Amino acid sequence: MEAFLNNLFADAEAEYTDARYVVFGVPYDGTSSYRAGSREAPGAIRAVSYNFETYLPSVGVELWEVPVTDLGDLEPLSLPDLVVGQVEETAAMIAADGKIPIMIGGEHTITPGAVKAVKPQCYVVCDAHLDLRDEFGGTKWNHACATRRVMDLDVEDIFVIGARSGPAEEFELVEESERLHMYTADEVRARGIASVIEEIRAAVGDRSLYLSVDADAVDCCLTPGLGTPEPFGITTWDLRSVVRAFAARASGFDYVEVCPVDAGQTAAVAAKLIREFIAWNWAGKEGL
């Protein structure tokens with residue numbers, strides 16, 4: 001109950017020194033372009049995390065036995081580039097201590113900071129939007145530029161799952177770049193998520209990866225609590241399959257762009273999938 005009163009993630013009761021997983025929130029939505037409010041997501045996601053049982057039968061893990069800690073929220077500065085720097089500093093500390101950072105956004109602008117800190121060879125992201133603009137709203141550090149900023153880093157391959165929105169120039173960039181690999185929501189529906197996952201697994205091989213989930217990858221008719229809702233997306237089942245498939249390989253994870261203006265279902269999906277990530281990474285298993 002004390003953890004709940006302090007608004008920490010459920011079962012995140014380990015001391016930092018003993019923890020394998022370190023949760024932290026980034027309540028920042030300073031570049032939101034449609035619906036603001038994702039700054040409220042860390043609190044909403046933590047609150048609903050207490051709704052779920054500690055045992056995950058799919059993988060046979062009791063979460064109360066897993067060493068997880070929650071650092072609480074960063075106090076974001078005003079400018080987005082400075083917030084990205086705060087995220088990088090925090091995630092770098094966690095990674096340097098041999099732990100896995102789990103970041104709760106906030107908007108997608110923050111993700112490149114964590115990726116830079118973790119230094120993965122590959123980046124897997126579920127997102128409705130390509131986020132490949134070089135600049136938007138007068139800054140290179142905008143939620144619409146998140147994947148473009150990851151491209152600026154020493155990341156070998158980028159895999160985008162669920163994309164269905166962006167200007168023509170962004171889709172052209174995908175076609176031109178050997179590092180960008182796009183699986184649209186239509187392709188996921190036609191092929192099935194299992195086929196897409198197997199193709200990405202084969203491409204990643206033994207390389208390290210960072211996994212990022214933008215909540216709007218899911219069809220907004222299923223999870224409407226989003227800052228930039230897009231219909232005709234992937235399903236929550238698809239998203240769970242991606243998390244289960246890549247959690248064991250991931251050295252960092254974030255869940256961003258929940259805007260808790262709905263009846264709580266979008267935050268509930270986020271909380272559940274954060275718990276799934278922890279359990280599947282801890283078990284070292286790859287599922288669907």
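Okay, let's start at L82, which sits in helix α3; helices here are DSSP runs of H or I with at least four residues, strands are E runs of at least two, and both are numbered from the N terminus. Quick housekeeping: this is a predicted model, so local features need pLDDT of at least 70 and side-chain atom pairs count only at pLDDT 80 or more, while totals for chains, interfaces and linings use all residues. Residues are numbered from 1 along each chain as its sequence is written, and side-chain values use heavy atoms, with hydrogens and water left out.

Back to L82: it counts as partly exposed because its relative accessibility is 41%. The scale is buried under 20% relative accessible area, exposed over 50%, and partly exposed in between, with a 1.4 Å probe and protein chains only. A patch takes residues with over 30% relative accessible area and no salt bridge, joining nonpolar side chains (Val, Leu, Ile, Met, Phe, Trp, Tyr) within 5 Å and like charges within 9 Å. A salt bridge means a Lys or Arg side-chain nitrogen within 4 Å of a carboxyl oxygen of Asp or Glu.

Next, P76, in the loop between β4 (68-73) and α3 (80-96). What does P76 touch, beyond its neighbours within four places in sequence? P27, Y28, V83 and Q86, with contact meaning heavy atoms within 4.5 Å. P27 is 49 residues away along the chain, yet the two C-alpha atoms are separated by 7.0 Å. P76 itself is partly exposed, at 28%.

There's a charged patch too: E169, E172, E175 and E176 gather as negative charge on the surface. Asp and Glu count as negative, Lys and Arg as positive, and His and chain ends are skipped. E175 belongs to helix α6 (residues 168-176) and is exposed, since its relative accessibility is 66%.

Most residues other than glycine have a negative phi, and most peptide bonds are trans. Here, the G105 to G106 bond is cis, with omega near 15°, and G106 is in the loop between β5 (100-105) and α4 (111-118).

Then two positive phi values: F232 is near 60° and E257 is near 70°. Buried or exposed, for F232? Exposed, at 67%, whereas E257 is buried, at 5%.

Technical notes:
Accessible areas come from the Shrake-Rupley method with a 1.4 Å probe; for residues, only the protein chains shown count as cover. The place of a charge is taken as NZ of Lys, CZ of Arg, CG of Asp or CD of Glu.
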